[in-house]
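Please open the model in your viewer and keep the selection tool at hand. The tour below moves from one stop to the next.

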Amino acid sequence: EQLKEFGETRRGWLGVRIQDVSEDMVEAVDGLDQAAGAMVSDVPEGPALEAGMEAGDIILSFDGKRVADTRGLVRQVGNTQVGKTVRVVVLRDGVSKTLKIVLGRREDAEAATPVVQKTPAEPQKKEILGLSLSTLTDELREQLELDAKASGLVVQSVDEKSQAFEKGLRAGDIITEAGQQPVIEISDFEGRIAAAKEAGRKSLLLLVRRAGDPRFVALGLAEN
């Protein structure tokens with residue numbers, strides 16, 4: 001129908017990177033009681049960012065319809081009229097929040113520039129949860145071929161007997177968030193672990209980037 005009317009496709013565009021919600025994420029996220037919806041792993045420049053959506057939000061419904069998984073959401077968004085204002089319900093910090101988003105056009109989508117964050121001058125290193133972690137330095141950014149604005153903690157190595165290894169974490173991965181909060185220093189990561197334990201949680205949600213691609217991993221705290 002779009003080809004007949006416009007001579008081209010005009011698919012709706014929300015402007016997020018998403019992944020399915022796994023069973024082990026349910027215990028790690030406040031207010032989440034089932035493995036359903038779509039976890040937002042990144043929000044580049046676009047409609048969702050302008051409306052206030054954040055990485056770590058879980059999209060529960062789109063334009064009045066429940067979101068079962070990422071495949072369903074992609075289909076819903078793509079079939080929605082470009083320029084339409086839709087209500088998107090997300091779970092954030094254990095509370096449902098409704099965002100009004102004006103859909104863009106997928107064909108016109110462009111990547112965003114990463115946010116600049118400060119990093120410590122001297123590198124820090126520590127073994128935590130089966131991970132050998134280090135703060136990012138300019139030298140490491142160059143070795144890993146990262147953007148100069150990249151931030152987070154570098155995974156130097158992973159204990160092959162650890163849950164982290166089982167969950168797919170590998171040397172060279174960058175942990176940018178823990179407990180849905182940014183981590184730049186080792187103390188940030190330790191603070192997120194302490195907060196999760198204090199809240200009675202058995203796992204911690206990490207946002208991990210590999211070659212620029214983000215994904216969330218729920219990592220058990222029993223090993224720490």
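Contact here means heavy atoms within 4.5 Å. This is a predicted model, in which local features need pLDDT of at least 70 and side-chain atom pairs count only at pLDDT 80 or more, while totals for chains, interfaces and linings use all residues. Residues are numbered from 1 along each chain as its sequence is written, and side-chain values use heavy atoms, with hydrogens and water left out.

Begin by selecting Val-154, which lies in strand S11 (residues 153-158); strands (E, at least two residues) and helices (H or I, at least four) are DSSP runs, numbered from the N terminus. Val-154 has a relative accessible area of 1% and is buried, a word that means under 20% relative accessible area with a 1.4 Å probe, protein chains only. Beyond residues up to four places away in sequence, Val-154 touches several others, among them Ser-132, Leu-140, Asp-173 and Ile-174.

Next, select helix H7, residues 186-198, whose 13 residues reach 18 Å from first C-alpha to last, close to the 18 Å expected at 1.5 Å a residue, where the expected span is 1.5 Å times one less than the number of residues. Colour Ile-186, Phe-189, Ile-193 and Ala-196, which are buried in H7. They cover an arc of only 95 degrees around the axis, so they sit on the same side of H7; the arc is that of the directions from the helix axis to the C-beta atoms. The cover over the buried residues of H7 includes S11 and strand S14 (203-210).

Finally, move to Ser-61 in strand S4 (residues 58-62), which counts as buried at 16% relative accessibility.

Key. Buried means under 20% relative accessible area, exposed over 50%, partly exposed in between (1.4 Å probe, protein chains only).
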